[in-house]
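This report concerns the spaces within one protein model and the surroundings of its ligand. Please consult the sequence and the coordinates alongside the text.

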Amino acid sequence: MIQLIRGFRDILPDDIQVWQYIEQTAASLLEDFGFREIRIPMMERTEVFARSIGEDTDIVEKEMYTFADRKGELITLRPEATASIVRSYVQHKMYASDPVQKFYVIGPMFRRERPQKGRFRQFYQINAEIFGVASPLADVELILLLSTLFARLEVDDVEAHINSLGCPACRPAYRKALSEFLADKDKALCSDCRRRRGRNPLRVLDCKVPACRETVATAPAILDFLCAECRQDFDTVQLFLDKLGVPYQIDKRLVRGLDYYARTTFEMQTGLLGAQSAVAGGGRYDGLVKQLGGPDQPATGFAIGLDRLAEIVAGRKSIEPRKSAIFVAALGEKCQNEAFLWVCRLNLEGVEAEMDFSDRSLKSQMKLAHKRKADHVLIFGDDERRQKIVILRNMKTKEQVSLPLKGLVDKLVEMIGP
Ligand code: HAM
């Protein structure tokens, strides 16, 4: 037997309802807020990601599925969607008609991480991105969206953590202070952090190794180094989250695992998933559009980890499995042939109906109807055929009525229809 690849998985029909429910709830909320769906490719030239996510990040250093295609061009399976969406915004000059654009993307991402609970090598995200709005109110809108979505999904133990990562004007001073703090801490850091400390000390704050976490607990906080504009932006975010009644925590250690962020960043965190506490993450990435060859347009966005959210929602909310509305128990070939036409017509009318084709006894067909959770069964044997009727049994109340064959489908649609 051939098994699937480690860290990859099948999402089977029994589990898919939760996924569909989340995707539909999210898409309809995002569309209410003016976001439009865009579909971007699963693969891009490696530089799209390497240049935006950052060479010193875990993703680019060791987690990308990168290979040379037959012509030797380096190609990467997308580890995230933001860089691709920026590439598309720039390539199609979408800013030309109106720089303000709001997009959402739902789909799989690929990172070669160590698989564990809540962490896969192919995982799914719901991304939302806003281009062309420099105001921090766009960040507020995104955090409101996340908090509203979680509330609609009845997930209540998730909380927004927010921080500011400063901007190119104020971050260098912080970097310097952090480098100085880390300068004599090599012994307490993991080998990755020792290496990164010089080039990109902020990455050390994001390290998951317990010794590193302990070491940075007393490190200087970026919030103490913000310039006046960054400070004002961050204050505005808090003010409007308060006005909208969105709960949040200020988390001065939140740095995110990608390098393109500036100013406000945020994560939705939960204690429900063990070590994988982030169900969503995002923030402002004002320099990225320009960096990827576009105009100097600001941008901000988030991505929700759908695998993680589905796990929480599945444990929370009981979503009614879709039932087969009508099971047709037809006995003998003649009855079956006639019943097949009703089933097709019912399906075409939007009524879920099915039948069994293996010519079993009425008893075993009733068992099957029960197993399939049908709420009605149509019983049709030679006797009924002769009398030009069919028996409709309500499986809940056990009531039975007989219906004339003439006009049967219309009658059923009227009684049970969508
Ligand atoms: P990220 O924090 O790397 O951000 O990923 C966002 C979410 O995807 C995480 O909070 C987590 O729930 C989920 N996730 C990440 N890796 C895995 C994995 N291996 N298995 C399961 N779930 C995972 C980004 O990707 C940014 N592009 C978000 C963004 C959009 N920023 C601005 N716009």
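The model is a predicted one, in which local features need pLDDT of at least 70 and side-chain atom pairs count only at pLDDT 80 or more, while totals for chains, interfaces and linings use all residues. Residues are numbered from 1 along each chain as its sequence is written, and side-chain values use heavy atoms, with hydrogens and water left out.

**Domains**

Two domains are assigned: domain 1 (13-170 + 226-316) and domain 2 (326-413). Their bounds come from an automatic or database domain assignment. Taken over C-alpha atoms, the centres of domain 1 and domain 2 are 49 Å apart.

**Ligand shell**

| Residue | Ligand atom | Distance |
|---|---|---|
| Glutamate 80 | nitrogen | 2.5 Å |
| Glutamate 113 | nitrogen | 2.7 Å |
| Glutamine 125 | oxygen | 3.1 Å |

On its own the ligand has 660 Å² of accessible area, of which the protein covers 96%; these areas come from the Shrake-Rupley method with a 1.4 Å probe. Helices (H or I, at least four residues) and strands (E, at least two) are DSSP runs, numbered from the N terminus.

**Second largest pocket**

On a 1 Å grid over the protein atoms alone, a pocket is an open set of points with protein on both sides within 12 Å along at least five of seven lines, a cavity is a set where a 1.4 Å probe fits but cannot get out, and lining residues have an atom within 4 Å of a point. The second largest pocket contains about 500 Å³ of space. Its lining comprises 26 residues, with Arg171, Asp259, Tyr260, Tyr261 and Ala262 nearest its centre. Helix H6 (171-182), helix H8 (202-205) and helix H11 (288-291) each supply at least two lining residues, and the largest share, three residues, comes from H6. The lining divides into 13 nonpolar, five polar and eight charged residues.

**Largest cavity**

A search of the whole structure finds one cavity of 30 Å³ or more. The largest cavity has a volume of about 40 Å³, and its lining consists of Ala26, Leu29, Leu30, Leu145, Leu149, Phe302 and Ile304. By class, these are seven nonpolar residues, with no polar and no charged ones. At least two lining residues come from each of helix H1 (13-32), helix H5 (137-152) and strand S11 (299-305). H1 gives the largest share, three residues.

Technical notes
Grid points are joined across faces, edges and corners, and a volume is the space filled by probe spheres set on the points. Ala, Val, Leu, Ile, Met, Phe, Trp, Tyr, Cys and Pro count as nonpolar, Asp, Glu, Lys and Arg as charged, and the others, Gly among them, as polar. A polar contact is a pair of N or O atoms within 3.5 Å; within protein, one must be able to donate a hydrogen and the other to accept it, and residues adjacent in sequence count only if both atoms are side-chain atoms.
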